[in-house]
Amino acid sequence: MISSDVTTRCYHCGENCESDSLQFEDKNFCCQGCKLVYEVLASNDLCEYYSIENKPGASQKDTKKSSNQFDYLNDQLVVSKLLDFKNDHESHITFYIPLIHCASCIWLLENLFQLNPAIVFSRVDFIKKKVQVKFLHDKISLMEVVKLLSTIGYEPKISLSDLDKKTSPSVDRKTLTKLGVAGFCFGNMMLFSMPEYFSEAKLLGEGFKRLFDYLNVVLALPIVFYAASDYYVSAWNAVKQKAVNMDVPIVLGIVAFFLFSLWEIFLQGNAGYMDSLGGLLFFLLLGKVYQQKTFATLEFDRDYKSYFPIAVTRVSQNREEVIPLINLQVGDLILVRDEELIPADAILLSEQAHIDYSFVTGEEIPVPKRKGEVIYAGGRQKGEAILLTIQKSPSQGYLTDLWNNESFGKNTKNLLEPLANRISGVFTWTVLSIALVAFLFWIGTDVSLAFKAFTTVLIVACPCALSMSTPFTLGNTLRIFGRGKFYLKNAAVVERLALVDTLVFDKTGTLTDPANASISFSGDELSTETKSIIKAMVEQSTHPLSNRINLFLGDVPSAKVSQILEEKGKGLSCRYLGQAVLLGSKEFVQSAQDGLPASGNLVFLKIEETLLGYFHIQSGLRKGAENVIRDLANGYELHVLSGDHSHEKESLSKTFPEKVHFNFNQSPVDKLDYLKSLNQKGKNTLMVGDGLNDAGALQESQVGVAISDQVSHFSPASDAILDATSFAKIPQFLSFAKSSRMIIKISFGLSFLYNILGLSLAVQGILSPVLCAILMPLSSISVVVFTTLATNFLAIRKGLIHVSSSKSWK
C-alpha cells in the first residue's frame, strides 16, 4: 500500500519519508531496506528492539547491496586472516560496526542467536563499536553471518589492511557540531544583547530593541532543539527506566529557562535570558567535549600501556633466545613449553601437540593437533615442548580480551566506584528537591528570582566531579604502575590492592632467583649422553629448578627422548632407548638414600632402577627480597608457600622476620586450599607466584600477582603481572595503592564542598545561569587536575617515577 503523506517519519530509522512511503502492518517506512529490517525482526519476535529506543535503526536508503558483495568471504585464506579462533566446531570473530549508537543496537546484536541458532554468542563493546561473535561454522559460514548483520542494518566494516592498526581516540563529531552551533548562536546573541548590558537599549528605540529580542529567540531555537538534544535523550532514557540520572536536572533547568525567557519577552516586554541560555548550553557542551577527550585519552593510554611483558623463546640458527612479545615477527620460529601460552596464531612444526583452549572456549579438554595445523593465540600447550612458526602478528588486544574474560572476574566489595555511582543517584534527587523548595520559597515574592534560583540550582549542582574522581585517579595510578613495570588488569585491582592485609609469597622462582642459585651434582659422574638426556627433559619444563639445571648444563645438545611427562611439583619422566628416566623429588623417584644435605633443594636422577645421584641446588634470594619482606612485615601478615622440602626453613627463618609463616611440601592444590582457608577467616589476601604452577592460588586470592622473569607467565587467573626487575618495589606499589584510595576520598570531599557552596549561593538567587554553566565544567576540570597532580606528586615521593623523566608530568 502506498501513502502520499510526505511528512511521515520512518518507523525504523525516524527519517522523513521524502516521497511516497511504504506501509507494512500499519507502520510507515522510508525505503524498502528499512521495511526489510523490520520484517526480519518481526518474523523472529525481536520487535522489542523498537521499544528500548525511539527510532533506533540506521537509514537503509543509501545502502547499496549487491548479491555478490560478500563473495570474497568464501576464500578460506581471507577467512583465516579475519578469524580470531577456530576449532572443529566453533569460530570466533570480532567485527567493527560503526552504526552501533544506542541501547537498542546493543540489545539486538547480543540477541543474534534468536535470528540464527548457529550463532552461539555475541557481545558488544559499545565504546569501541565492536561485536565479538561465536558461531558454529559447520551450520553457518562467515559470509552468511556478515550477510545477516547487513540485512538487519549493521553491516560490518571489514578491511584486512586495517586489522593490526591502532587508531587514536577522537571526540564524537556530532558533539563538536552541536558545540559549533551553540557557539555561533551564543556569540550572536551576546552581540544583540550588548546594549542591554551597557544600559544603552533606550538609544536603539523600542523597535530595534524588540527586533534584537526576537532575533535572540530565533537564535535560541537551534540551541534548545538541536544542541541540547543529547541531554533530552539521556534524561528520557533514564525516566523510561524509572531512574534519574544527572542529565534530568539539567534538562529541567534548560526547559524552565527557555519557557521563562519566552514569558519575559512576549508577555512582559523584557529582554529575557536567551543569551544566558545560549551561554549555558555552550559551556555545558564545552565541558562535555573536554570529558570525552580526557576519558578517551585515558582509555587509549591504558590500552597502550597494558601490554603483557610476555617473553617468547625464539629459535634462530639452532640457538634459543628470549625476546619480548612485541619483537615477534611473522615467520619466526618459536619454542613453546609445557603450560606456556601461545602468543600468536601459528603453524605447528612438531609432530603433535595437545592444546588447552579453556581460556578461549571454556572447554578444559586438550585438543590434539598434528603437524601443519593452525594453532590459535590463547591456547596453552600441555606436554612436551613444541615448535611453531608464526603466521599472524601477536594480537595483544585479543590477549587482553582473554585476560579480562568474565570467567576470571573477582568480587568488587568495598570499592569506591560503585559507591560514587550510588552517591550520584541520591545526589540528583537531593538537587531536584532543593531546586523545588527554592522555587516555592521565592515564587511568592519575586517570580523572576524564583525561576533564576530554580534554574541555577539545577545547573550548578553537578555530580560529574564526584563520578569522575574515581576513574581518573585510578587511571593515573594504572599508568604509573605500568611505568614501573607493574601491569594491572583493570582499575578495580588498584582498590583491592589498597584493602590487602595478608600477603602470600611462593618461594621457588618468586622469593628466590634461579640466576642467583648455586648448583652441584652428587653421585656417579654424568656422561655426555646422560647430560643430553637431562637436557632434553628440563627443556620441556618451566619450573624454576628445571630452568636452573638447564642453565647448569649449558650448551649440551639434547638427546632424542620420548613420552616426556611432568607431574606438577614432583618431577619429570621420559623414555630413552626403551629405558625409563626419572628426574625429580625423593618421593617421585622413590629413593631411600640417607645422609642428605640439610639445606637447599634436591633433584634426584634415576634411570630404570639405578639412582645415579642428585642435583643440590642452593636457592639464592631474589635481589631486594630480604628488604621487601622486612618492610612488609610491619604492616601485613606474611606467609611463604613452597613445594620444596623444609630444608631451607632454618636459613630462611634467620633471614626473614619471625612474623613470617612458612609452609613447605605444598602442591598446587595445597596452595589453593591454603588461600581458601585464609579468605574464610576474613583476610584480604594477595598472592605473588609464578603464574603457571600457582594459577589456582592466584585465582583464589583477592589479588593475584604473577611475577615475570624469562618465560611466558601470563595467566588470565592473575590480576596483575609484575616484571621481576620491579620486585623490590612491592612495598611502594602497595603504599601507593592506599594513597590513591585516599586521593579519591579527598576529591569526594572537594566535590561535596564545591556543590554545597554553589547550592548555598544558587538558592539565594545570587549566581547567574551563565556563571553556573561555567562553574559546572570547571568543577570537573579541577578534579582531573587535582587527581593528576596528586598522583604524580605521591608517585615521585615514593620513588615510582622520577622528575628527570620527560614523561613524568604527562
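Visitor: Where is the place of Val224?

Guide: Val224 has its place in helix 8, which covers residues 201–227; helices here are DSSP runs of H or I with at least four residues, strands are runs of E with at least two, and both are numbered from the N terminus. This is a predicted model, in which local features need pLDDT of at least 70 and side-chain atom pairs count only at pLDDT 80 or more, while totals for chains, interfaces and linings use all residues. Residues are numbered from 1 along each chain as its sequence is written, and side-chain values use heavy atoms, with hydrogens and water left out.

Visitor: Okay, and is Val224 buried or exposed?

Guide: Val224 counts as buried because its relative accessibility is 4%, where buried means under 20% relative accessible area, exposed means over 50%, and partly exposed lies in between, using a 1.4 Å probe and protein chains only.

Visitor: Which residues is Val224 in contact with, leaving aside its neighbours within four places in sequence?

Guide: Apart from those neighbours, Val224 is in contact with Tyr232, Phe258 and Leu277, contact meaning heavy atoms within 4.5 Å.

Visitor: What about Asp213, buried or exposed?

Guide: Asp213, which also lies in helix 8, is buried, as its relative accessible area is 4%. Leaving aside neighbours within four places in sequence, Asp213 is in contact with Ile265, Asn270 and Ala271.

Visitor: And Tyr214, how does that one count?

Guide: Tyr214, with its place in helix 8, counts as partly exposed because its relative accessibility is 35%. Tyr214 also belongs to a nonpolar surface patch of about 740 Å², made together with Trp263, Phe266, Leu267, Leu436, Leu440, Ile443 and Val447. Patches are made of residues with over 30% relative accessible area and no salt bridge, with like charges joined within 9 Å and nonpolar side chains (Val, Leu, Ile, Met, Phe, Trp, Tyr) within 5 Å, and accessible areas come from the Shrake-Rupley method with a 1.4 Å probe, for which only the protein chains shown count as cover for residues.

Visitor: Which helix gives the largest share of the nonpolar patch?

Guide: Helix 14 does, with three residues, and both helix 10 (247–266) and helix 14 (416–443) supply at least two residues each.

Visitor: Switching to strands, why is strand 7 largely enclosed?

Guide: Strand 7 (residues 130–136) has six of its seven residues buried, so the rest of the structure largely encloses it. Strand 5 (residues 90–96) runs antiparallel to strand 7 and is joined to it by seven bridges, with Ile93 standing opposite Val133; two strands pair if DSSP finds at least two bridges between them.

Visitor: How many bridges does strand 7 have with strand 6?

Guide: Strand 6 (residues 119–125) pairs with strand 7 over six bridges in the antiparallel sense, and Ile119 stands opposite Phe135 there. The hairpin of these two strands has four residues between them, and in it Lys129 takes a positive phi near 55°.

Visitor: What is the order of the seven strands in the open sheet?

Guide: The order is 17-29-28-27-18-25-26, and the pairing is mixed. Strand 17 (486–488) and strand 26 (661–663) stand at the edges with a single partner strand each, so one side of each has no neighbour in the sheet. Within this sheet, strand 28 (residues 703–708) and strand 29 (residues 720–723) run parallel and are joined by four bridges, Ala706 standing opposite Ile721.

Visitor: Last topic: how many salt bridges does a search of the whole structure find?

Guide: The search finds eleven, a salt bridge being a side-chain nitrogen of Lys or Arg within 4 Å of a carboxyl oxygen of Asp or Glu. One of them joins Lys178 and Asp230, whose closest N and O atoms are 2.7 Å apart. This pair links distant parts of the chain, with Lys178 in helix 7 (residues 173–197) and Asp230 in helix 9 (residues 229–240), 52 residues apart.

Visitor: Are those two buried or partly exposed?

Guide: Lys178 is buried, with a relative accessible area of 7%, whereas Asp230 counts as partly exposed at 24% relative accessibility.
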